[in-house]
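Q: I have this model open and would like to go through it with you piece by piece. Can we begin?

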Amino acid sequence: MTVEKLRFGILGCGVIGPHHARAIAGLESAELVAVADVIPELAKKLGSEYECFPYPSLEEMLSSVDLDAVCVCTPSGMHAEGAITALEAGKHVVIEKPVDVTLEAADRLLEVQRVTGRKVAVVSQHRFDAATQAVHDAITSGKFGRLTSGSAEVRWWRSQSYYDSDGWRETWELDGGGVLINQAIHSIDLLQWLMGPVDEVTAYTGLLSHERIEVEDTAVAILKFADGTLGTIVATTAAYPGLTATIAVHGDRGSAIIDDDELRYFHAAGEGQEGEAYGASGGENQAEEIMERYGEVESATGAGADPGSLSMAHRDQIQDFVEAVREDRVPSINLEEGRKPLSIIQGIYESARVGEPVRIRELERQG
Ligand SMILES: NC(=O)c1ccc[n+]([C@@H]2O[C@H](COP(=O)([O-])OP(=O)(O)OC[C@H]3O[C@@H](n4cnc5c(N)ncnc54)[C@H](O)[C@@H]3O)[C@@H](O)[C@H]2O)c1
């Protein structure tokens, strides 16, 4: 039996829109039928590459072609607006990260999603990486014992010309902040997905090496998770020449380090084995053995050096979204999930602003 393909339109044909196009083209269960951008040449270029119709606006795309779903790939502060228009037209929606730049916008979206009953996924493609899945499984099955600490470190470099090159990035209105919300949100989302809900955050932010931007290029934060586990975030685009993005999680029976999406270190105590008194060099690195079980996936983190060099990491998430629509289930990363890293980031900004700890739980959506 042939199942009809889910018909997609893409809104926004800049850097990330073409990655959605490639991801959709790589799926048997989906097809790209239209693209839209306010810059007609960008829509035409992407449209001709994928043999689909280009439109100058979301409204024209929606009224001209029969779509099941829309990928929202516009600047971050325009996500809710585009997604709400698509939902109200009866479409399912994939929204690029962040869900939007304010919690109020995220909550407006949640309300419209509830009323329309359509499916919404928020992109956090690295949750689907084999290394992330392996560490998540180890934690949820108790292999690392009681979690004790975790960290997310993004030590990247962006030149001044990067910041000078575009109008919407690094503005509060359309980017919602700097390195935290634009670059480090992936690592922050993974840290909270692996470690659990964050209760409280204390943070500092600074604009330390760039000029003429409104927002931070460096941030550090201390986290207290709901179960008492402790964590840190270091995020910067001012670490020349640009290093890797690392997530480390530690428990009293195991630890893991993911470095640029690859599992660099993994060790879990064996069944019935006490946590041993290893030296400072740690126990045997079981990463290779674990990854043989999970299978290697194409790494997507060229992003550290070049935001245009993303791979097909979006494909797995869009596939999950297509299956969610087909099976009438919630996508793995729904709006509530997409809101979580945003509430942590908003808490970090607030803590840096007021100079006090901020309770994230209070920023969480009630009910
Ligand atoms: N998941 C990831 O790894 C990843 C990577 C890069 C960007 N992103 C996210 O994707 C989003 C877009 O980023 P980008 O780098 O592609 O930006 P971009 O500026 O390159 O592309 C955005 C496009 O949207 C178009 N646009 C703006 N307003 C529009 C409107 N009203 N209707 C139609 N088109 C409109 C612009 O003309 C532009 O071509 C951002 O939210 C960003 O955070 C995610």
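Q: Which residue in β14 is the bridge partner of V201?
A: In this predicted model, V201 has V358 of β14 as its bridge partner. That pair belongs to the contact between β8 and β14, two strands that run antiparallel and are joined by two bridges.

Q: And how many bridges join β8 to β9?
A: Strand β8, which covers residues 198–206, is joined to β9 by eight bridges, and these two strands run antiparallel.

Q: Do β7 and β10 pair in the parallel or the antiparallel sense?
A: They pair in the parallel sense, with seven bridges between β7 (residues 147–155) and β10 (residues 230–236). Within that pairing, V154 stands opposite A235 in β10.

Q: Changing topic to the helices: at what angle do α5 and α12 cross?
A: The axes of α5 (residues 103–116) and α12 (residues 335–354) cross at roughly 170° and come within 10 Å. An angle over 145 degrees counts as roughly antiparallel, and the two helices are therefore roughly antiparallel to each other.

Q: Which residues make that contact?
A: From α5 the contact is made by L103, A106, D107, L109, L110 and Q113, and from α12 by L335, E336, R339, L342, S343 and Q346. Sorted by class, the contact has six nonpolar, three polar and three charged residues.

Q: Now the ligand: which residues come nearest?
A: There are 26 residues around the ligand, and of these I16, D37, S76, W168 and R169 come nearest.

Q: What does D37 place by the ligand?
A: D37 has a polar side-chain atom 2.6 Å from an oxygen atom of the ligand. For I16, a polar backbone atom is 2.8 Å from an oxygen atom of the ligand, whereas for V38 a backbone N or O atom lies 3.3 Å from a nitrogen atom of the ligand.

Technical notes:
Residues are numbered from 1 along each chain as its sequence is written. This is a predicted model: local features need pLDDT of at least 70, side-chain atom pairs count only at pLDDT 80 or more; totals for chains, interfaces and linings use all residues. Side-chain values use heavy atoms; hydrogens and water are left out. Axes are lines fitted to C-alpha atoms, for helices over the stretch in contact, and angles run from 0 to 180 degrees between N-to-C directions. Helices (H or I, at least four residues) and strands (E, at least two) are DSSP runs, numbered from the N terminus. Angles under 35 degrees count as roughly parallel, over 145 as roughly antiparallel, 65 to 115 as roughly perpendicular and the rest as oblique. Contact means heavy atoms within 4.5 Å. Ala, Val, Leu, Ile, Met, Phe, Trp, Tyr, Cys and Pro count as nonpolar, Asp, Glu, Lys and Arg as charged, and the others, Gly among them, as polar. Two strands pair if DSSP finds at least two bridges between them. A residue is near a molecule or strand if one of its heavy atoms lies within 4 Å of it. A polar contact is a pair of N or O atoms within 3.5 Å; within protein, one must be able to donate a hydrogen and the other to accept it, and residues adjacent in sequence count only if both atoms are side-chain atoms.
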